[in-house]
Amino acid sequence: MERAYRLPSDNELFGDENAEVGNASLVAENSMNYNLGFTINKEFKNSDSFYFDVNGYLRNTDDFIKREILVRTGTLTSVNFGSTRNLGVDAEARYYFRNKAMIGGTFTMMHLYDNEQYRGYEGTVLNSHYKDRMPNIPYQFGSLDAAYYIHNIGKKESGNVLNLDYNLNYVGQFYLNWESLGSSTNKYDLPTQLSHDFSATYIMKGGKYNFSFEVKNITNEELADNFGMLKPGRAFYGKIRVYFMQRRKHQHHNQQ
């Protein structure tokens with residue numbers, strides 16, 4: 001059990017001079033949280049290892065900081081929103097195959113809803129979306145990732161490593177407005193989103209030279225943010241990084 005506070009961020013208070021308008025009157029979220037979880041971290045004789053962590057929680061929050069769209073300008077802002085309750089679970093699992101490969105994933109499922117029964121200045125007006133799930137927030141999301149490491153390319157003990165990484169990203173269907181609005185067959189929601197990413201990083205000379213190539217949203221899916229605004233489609237990135245300072249050997253060993 002814990003009493004927690006979340007201070008507004010710089011962007012929430014002052015904006016970003018672009019797509020987000022600040023709100024200097026924001027106050028900190030405050031919540032009473034109840035958490036229960038456990039972790040398994042198992043190492044095997046063949047140098048394989050397995051990690052699993054699951055955590056359930058209940059959060060009763062006052063002055064919840066909620067992001068909204070200003071209809072007049074189409075920009076974002078943040079406001080304090082009465083009272084919410086969030087019942088959820090987070091899970092993560094990973095399996096490491098020696099120093100060659102890894103597969104794992106994360107998953108979150110939560111029920112975050114409006115917990116303020118009465119609204120208005122005097123708190124006497126019945127809240128029409130009491131117990132509705134909060135809009136513009138996914139209720140289920142997660143990822144699956146896998147990596148394969150190829151060591152000493154070119155010659156033995158060269159220190160060169162090629163890292164190949166794959167990510168599957170999942171965001172479940174969620175509402176873009178209060179779920180009690182609209183008919184059962186006509187609600188303003190965002191359908192389930194799935195996307196795939198791939199990256200390759202080649203590390204030379206024990207980390208002195210790094211060459212990276214990444215493809216985001218390989219299949220060019222139609223993806224949107226929490227307010228239904230479309231994100232860019234398939235994208236390619238490349239990066240070259242060089243360390244001019246010699247790295248200490250013990251740092252190098254820890255990174256491998």
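# Briefing: a surface patch, a pocket and salt bridges

Phe44 sits in the loop between β2 (29-43) and β3 (49-69). Strands here are DSSP runs of E with at least two residues, helices are runs of H or I with at least four, and both are numbered from the N terminus. The model is predicted, so local features need pLDDT of at least 70, side-chain atom pairs count only at pLDDT 80 or more, and totals for chains, interfaces and linings use all residues. Residues are numbered from 1 along each chain as its sequence is written, and side-chain values use heavy atoms, with hydrogens and water left out.

**Surface patch**

- Phe44 is partly exposed, because its relative accessible area is 36%. The class runs between two limits: buried means under 20% relative accessible area and exposed means over 50% (1.4 Å probe, protein chains only).

**Largest pocket**

- The largest pocket holds about 470 Å³ of space.
- Its lining has 23 residues, and the closest to the centre are Glu29, Phe64, Ile65, Leu112 and Ile137.
- A pocket is found on a 1 Å grid over the protein atoms alone, as an open set of points with protein on both sides within 12 Å along at least five of seven lines; lining residues have an atom within 4 Å of a point. In a cavity, by contrast, a 1.4 Å probe fits but cannot get out.
- Grid points are joined across faces, edges and corners, and the volume is the space filled by probe spheres set on the points.
- β2, β3, β4 (76-97) and β5 (101-114) each supply at least two lining residues.
- β3 gives the most, with 7 residues.
- The lining divides into 9 nonpolar, 7 polar and 7 charged residues. Ala, Val, Leu, Ile, Met, Phe, Trp, Tyr, Cys and Pro count as nonpolar, Asp, Glu, Lys and Arg as charged, and the others, Gly among them, as polar.

**Salt bridges**

- The count comes to 9 salt bridges. Each is a side-chain nitrogen of Lys or Arg within 4 Å of a carboxyl oxygen of Asp or Glu.
- Arg94 pairs with Glu92, with the closest N and O atoms 2.9 Å apart. Arg94 counts as buried because its relative accessibility is 14%. Glu92 is partly exposed, at 25%.
- Glu179 and Arg133 meet in a salt bridge at 3.5 Å, N to O. This pair links distant parts of the chain, 46 residues apart: Glu179 is in the loop between β10 (174-175) and β11 (189-190), and Arg133 is in the loop between β7 (125-126) and β8 (140-151).
- Glu179 is buried, with a relative accessible area of 17%, and Arg133 is partly exposed, at 22%.
- Lys216 forms a salt bridge with Glu214, with the closest N and O atoms 3.4 Å apart. Lys216 is partly exposed at 34%, and Glu214 is partly exposed at 27%.
- Arg6, Glu12 and Glu29 are linked in a network of salt bridges.

**Positive phi angles**

- Most residues other than glycine have a negative phi.
- Glu17 has a positive phi, near 60 degrees. Its place is in the loop between α1 (10-14) and β2. Glu17 is exposed, because its relative accessible area is 83%.
- Asn220 is not a glycine, yet its phi is positive, about 55 degrees. Asn220 lies in the loop between β13 (209-216) and β14 (235-242). At 41% relative accessibility, Asn220 counts as partly exposed.

**Distances along the chain**

- Tyr139 is in the loop between β7 and β8. Tyr139 is buried, with a relative accessible area of 5%.
- The C-alpha atoms of Tyr139 and Thr108 are separated by 7.8 Å, though the residues are 31 apart along the chain.
- Asn80 is in strand β4. Asn80 counts as partly exposed, at 27% relative accessibility.
- Asn80 and Ala93 are 13 residues apart along the chain, and 35 Å separates their C-alpha atoms.
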